[in-house]
Amino acid sequence: MIWFLLLFSLTLGAVSPSDERVVKLQRGNCPMFWYSFNGRCYKYVSTRLTWADAALQCLSQRASLVSIHSLEEQNFVKSLIKNFDHGEGPTWIGLNDRVDDKWMWSDGAPLNFTLWYAEQPKPAGGYCAQINYGDDLKWKHQPCGYSYAYVCASRIDCPL
């Protein structure tokens, strides 16, 4: 019995290497419904739109679909999504290969970080990227005409 309790207590204290750091959402200097992280403002929108329509909606708010540049930013974006969508459904990000079959961010930022699901992206062209695919919630390319929720991002002083 004591052996069982010892093993049980060790199990409770164990941390899986896949556990993510919990990111606290803070508004900072961002407008209402936007959240601050590393000098940018982010907004999750649950309305399901095609990638192009989601990009236009972000632009109408002086922002763009989110570009992700580090694992820390990836974890923040995932926390933002999970805060509003506990099921962590597919969500558009700004990455696409619609021009010259080359993956690029819609905000023009350099592609310096990726977190693709296994065997992704497959060469095809004309695709857009979603976050939250598979058990490990990585990125997957999808036809841009699918409708998903999306995340907009902007500099702190930009969104309305």
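Buried means under 20% relative accessible area, exposed means over 50%, and partly exposed lies in between, with a 1.4 Å probe and protein chains only. At 43% relative accessibility, Phe84 counts as partly exposed. Tyr35 is buried at 18%.

This is a predicted model: local features need pLDDT of at least 70, side-chain atom pairs count only at pLDDT 80 or more, and totals for chains, interfaces and linings use all residues. Residues are numbered from 1 along each chain as its sequence is written, and side-chain values use heavy atoms, with hydrogens and water left out.

Start with the rings. The structure holds 12 aromatic pairs. Rings of Phe, Tyr and Trp (its six-membered ring) pair if their centres lie within 6.5 Å; planes under 30 degrees apart count as stacked, over 60 as edge-to-face and the rest as tilted. Tyr35 sits in strand E1 (residues 35-37) and Phe84 in helix H3 (residues 71-84), so the pair ties together parts that are 49 residues apart in sequence. Helices (H or I, at least four residues) and strands (E, at least two) are DSSP runs, numbered from the N terminus.

Now turn to Phe113 and Trp139. This pair is edge-to-face, at 5.9 Å centre to centre and 80 degrees between the planes. Phe113 lies in the loop between strand E5 (104-105) and strand E6 (127-133), while Trp139 belongs to strand E7 (residues 138-143), so the pair links parts that are 26 residues apart in sequence. Both residues are buried. They also belong to one aromatic cluster, together with Trp103, Trp105 and Trp116.

Lys140 lies over the face of Tyr133, at 5.2 Å from the ring centre. The test for this is NZ of Lys or CZ of Arg within 6 Å of the ring centre and within 35 degrees of the ring normal.

Next, the backbone. Most residues other than glycine have a negative phi, and most peptide bonds are trans. Which two residues does a cis peptide bond join? They are Gln120 and Pro121, with omega about -10 degrees. Pro121 is in the loop between E5 and E6.

Phe33 has a positive phi of about 75 degrees, although it is not a glycine. Phe33 lies in the loop between helix H1 (2-13) and E1. Its relative accessible area is 59%, so Phe33 is exposed. Asn132 also has a positive phi, near 75 degrees. Asn132 is found in strand E6 and is buried, at 7% relative accessible area.
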